[in-house]
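My notes follow in the order I took them.

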Amino acid sequence: MSSLRRSWPWLGPSLLIVAISLVSQLASAATQRQILSVLVTAVIVVALYVFVGNSGVISFGQVSFVAVGAFAAGLATAPANVKPTTFPNLAPVLADLEMGNISSLLLAAALGGLFAFITGIPLMRLSGLSAGIATFALLIVTNNVFRNWEAIGPGAKTLSLIPQTTGFIQATVGLVLVMAIAFAYQTSRPGRRLRATREDALVAQSSGIDVHRERLWAFIVSGSLAGFAGGLLVHLIGSITTEQVFLDLTFITLAMLVFGGIGSMWGALIGALAIAGLNALLAEATRGISIGSFEMELPGGARLMVLGLLMVLVLLFKPNGVTGSRELRWPLR
């Protein structure tokens with residue numbers, strides 16, 4: 001019972017995700033597609049939480065690792081016989097590369113972690129506003145590299161012909177696995193040391209904690225999970241462009257984390273499910289929806305206005321998010 005109580009902050013959310021996946025099988029094909037998108041978005045938000053939630057350092061650069069994972073998994077699974085004609089400037093090692101779905105997800109996670117390690121060595125020495133600006137610059141640089149360097153991708157064109165293999169089983173297992181890694185990290189000794197630096201970096205450093213090292217470890221774990229999420233994303237939609245893994249995804253995932261509660265994995269999951277679900281509903285409402293005799297059509301731009309207003313209300317009245325940045329509590333006394 002005690003082990004079940006200790007693992008409940010991960011087990012409880014996992015049961016919720018499995019229940020959502022099972023119930024969604026009764027929905028229409030269009031609704032199932034939207035729920036799949038919500039689950040994959042939740043993977044990105046949990047990956048973002050691993051660094052931002054545990055370190056307290058706001059990073060705008062985690063979507064860079066999503067982009068690395070998405071393009072890596074997409075290029076690895078696109079048919080090798082069409083890449084030389086579709087992308088003539090692609091490097092030979094990438095043009096000849098073709099692997100399966102699971103292998104591409106592992107490759108995406110490995111490259112995301114490696115990129116986080118390389119970029120994190122200098123970036124993790126920064127804090128506060130400096131860290132935010134530097135990680136935002138990382139996002140801009142990564143986007144421009146993918147957009148203009150056609151030796152490692154399609155450039156400004158769309159990377160298409162990618163197998164759409166992210167179904168409910170893969171998305172559910174992927175999200176539960178990422179939450180398990182996030183929970184294991186935050187309860188580990190490195191995770192607790194990093195949380196100590198979040199509360200007071202100077203006191204933690206005077207106690208013998210290497211702030212740079214602990215932040216770098218979290219940055220690598222977060223980057224690897226974000227790369228994995230990028231692989232799930234590209235195999236969900238079957239194509240990818242540089243704009244799909246840029247500013248919009250960066251700010252909406254940060255909004256989800258802040259809405260749910262930046263300091264807990266439960267908050268990250270609730271924020272992702274709530275905001276992603278509302279975002280999908282509002283996007284559908286701008287095209288017009290009807291339920292029986294009820295019809296609704298929102299004007300263009302209403303989606304962003306509603307989400308922005310919601311974020312302002314949360315920051316005013318619930319600055320720690322709707323969960324109060326607390327983990328899911330054991331329901332039994």
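**Helix 2 against helix 8**

Helix 2 passes helix 8 in a left-handed crossing. The model is a predicted one, and I read every value below as computed from it.

Next I took the geometry. Helix 8 spans residues 168-187, and its axis lies 10 Å from that of helix 2. The packing angle is about 15°. Angles under 35 degrees count as roughly parallel, so helix 2 and helix 8 are roughly parallel to each other.

Then I listed the contact. On the helix 2 side I noted, among them, Gln 32, Ile 35, Leu 36, Leu 39, Val 43, Val 46, Tyr 49, Val 50 and Asn 54. They meet a set in helix 8 that includes Phe 168, Thr 172, Leu 175, Val 178, Met 179, Tyr 185 and Gln 186. How many charged residues sit in this contact? There are none; the classes are 17 nonpolar and four polar.

**Largest pocket**

I moved on to open space. The largest pocket has a volume of about 890 Å³. I counted 30 lining residues, and those closest to the centre are Ser 37, Thr 41, Leu 249, Ile 252 and Asn 279.

By class I found 19 nonpolar, five polar and six charged residues in the lining of the largest pocket.

**Second largest pocket**

The second largest pocket holds about 430 Å³ of space. It is lined by 17 residues, and Val 68, Ala 72, Leu 111, Phe 146 and Ile 152 are the closest to its centre. Helix 3 (62-77), helix 6 (101-123) and helix 7 (128-148) each give two or more residues. I sorted this lining by class too: 16 nonpolar, one polar and no charged residues.

**Cavities**

The structure holds four cavities of 30 Å³ or more. I followed up two of them.

The largest cavity contains about 70 Å³ of space. Of its 13 lining residues, Ile 44, Leu 48, Gln 62, Val 63 and Thr 253 lie nearest the centre. Helix 2, helix 3, helix 11 and helix 12 each supply at least two residues of this lining. Its classes are eight nonpolar, five polar and no charged residues.

The second largest cavity has a volume of about 40 Å³. Its lining includes Ser 64, Ala 67 and Phe 71, along with Leu 139, Thr 142, Asn 143 and Phe 146. I also listed Thr 242, Val 245 and Phe 246 there. Which elements give two or more residues to this lining? They are helix 3 and helix 7. Helix 7 has the largest share, four residues.

**Cross-check**

How values were computed. Residues are numbered from 1 along each chain as its sequence is written. This is a predicted model: local features need pLDDT of at least 70, side-chain atom pairs count only at pLDDT 80 or more; totals for chains, interfaces and linings use all residues. Side-chain values use heavy atoms; hydrogens and water are left out. On a 1 Å grid over the protein atoms alone, a cavity is a set of points where a 1.4 Å probe fits but cannot get out, and a pocket is an open set with protein on both sides within 12 Å along at least five of seven lines; lining residues have an atom within 4 Å of a point. Grid points are joined across faces, edges and corners, and a volume is the space filled by probe spheres set on the points. Ala, Val, Leu, Ile, Met, Phe, Trp, Tyr, Cys and Pro count as nonpolar, Asp, Glu, Lys and Arg as charged, and the others, Gly among them, as polar. Axes are lines fitted to C-alpha atoms, for helices over the stretch in contact, and angles run from 0 to 180 degrees between N-to-C directions. Angles under 35 degrees count as roughly parallel, over 145 as roughly antiparallel, 65 to 115 as roughly perpendicular and the rest as oblique. A crossing is left-handed if the near helix is turned anticlockwise from the far one by less than a right angle, and right-handed if clockwise. Contact means heavy atoms within 4.5 Å.
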